[in-house]
Structures are given as C-alpha cells and as structure tokens.
Amino acid sequence: MEKHVAELKTQFPQINHIIVPQNKGYSGGANVAIAETLKHFESVLFLTNDTEAIMLPAVAPKNFSSVKLLRRNSEEIDSVMGALNPRTGKLKHLKNLNDHSTRDITYIPGTAFWINQETFKALKGFDERFHTYWEDVDFSLRAHKQKIPVSYDETTVFRHKIGKTCHKDRFYTYELFQRNRGRCMTKNNLTSLRFYFNYIPDILKYSRSNYRKALDIFNNHRLTKD
C-alpha cells in the first residue's frame, strides 16, 4: 500500500492526499474526505470515481443537493434524485422530480452530491455500520426527519460512467445491498409485513435460492446498536 500511495503522490503532487489505513467502505471513506474538506470550505461537491464533469455552477449551492446525472455514452438523464418506497423498501432513480408516488420518500444518491457544513455536522456524517450501499438513503431519511432540505441543483451535471462498487463478486454486491436494505428499513422504523413479503423473496432471488446465504443475510439485516 505504501508503494501505491507514494506513486500517487508523485503523479499528482497538487492533490491533498488523505490516507485511510483500513477499508471503511463508501461510508467511512466519504466521511473522512468530506469532514477534511469542510474544514476549509462552506460546502463541497462529493464525487465517486466513475463520474465525468459536464457542467458546473458559477456559485456552489448552499444546501444538501443532488445533481443531474447522465447515462454513460448518452445525453439521456440517468437520475436527478432517488425515491424510496417506504412500504416495500424498493429504490427508484428519478429522471424528473415528479416521477414518483406521493408516498415515496426522496433521497440523494451517493454518486455525486453537494453537502454543506451545517447539514453534515447535524447528521454526523454517514452511518459507517452500513459500510457500502444504502448509507446514502439512510442519510437522506435522517435529513427529512430533522427537516433539513433535500434539494436538487440542475446546474450541476455529471455523466455516470459505470457503477463498479464491488461487481467483481456479484453475490457480494447483492449480499451487501440486501443486507443494508434491511438495516436501513429497520433502523428508520419502516418495516411492516408488506416489507417482509417483498424483502424475503428478494433475498432468495439474489442468493440464487442458496438458503444458507439467504439466512445469513436475513440474520444480519438489523443493526446491533444505534
């Protein structure tokens, strides 16, 4: 690891390199980067490494805001925000802000977003117990509960090239996603019989009917402490 860090510092000396000794997943890495940046700026544009800048605003938005994301190799909108169905625990990327049911709860996808000092401090960052997946949904749910605006900035446009969080191991991807889906829903008191009628079949589907793996996901779908 030290060799790779040294190479990056040599290739990009103009960048402030923040060293995180252990793998904290998306949530932990984002917390470290955002907290460090907000020491110097009132707001920050957070990006994952699979995004490409198309248009930036003249002035940084002051609110917690989503951005316009375009699809890879296309001018078609991939998303402007996300929506959670609170009854089934299913997510949807919105191509326009009105493209969801009135019962849905909007959230800002973690791919790219604006965040300001006040919001990040009030919400105490991402919940690192999620590690990777659903930490962005949980963050927005907590924002809604605290009456913090969840906004959209149409003047910030990026292209989302390809999601490659952990696609080398497809089951690992599904396991994390489904486990954290349960964790987010239980933590935010959104579980019901209807949720479990959707959740349990999805676990079986994505574990390819491997009942031992499905049971392991279910047994870990609740956070042990708050």
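View 1. T51 is buried, with a relative accessible area of 15%, where buried means under 20%, exposed over 50% and partly exposed in between, for a 1.4 Å probe and protein chains only. The residue belongs to strand β2 (residues 51-55); strands (E, at least two residues) and helices (H or I, at least four) are DSSP runs numbered from the N terminus. Apart from neighbours within four places in sequence, T51 is in contact with T111, F158 and R159, contact being heavy atoms within 4.5 Å.

This is a predicted model, in which local features need pLDDT of at least 70 and side-chain atom pairs count only at pLDDT 80 or more, while totals for chains, interfaces and linings use all residues. Residues are numbered from 1 along each chain as its sequence is written, and side-chain values use heavy atoms, with hydrogens and water left out.

**View 2. Strand β3 and its pairing partners.** Strand β3 (residues 65-70) is mostly covered, since five of its six residues are buried. Strands are taken to pair if DSSP finds at least two bridges between them. With strand β9 (residues 151-160), β3 pairs in the parallel sense over six bridges, and L70 stands opposite R159 there. Two bridges join β3 to strand β8 (residues 112-116) in an antiparallel arrangement, with W114 as the bridge partner of S65.

**View 3. The hairpin of β3 and β4.** β3 and strand β4 (residues 77-79) pair in the antiparallel sense over two bridges, and L70 stands opposite I77. Six residues lie between the two strands of this hairpin, and N73 in the turn has a positive phi of about 55°.
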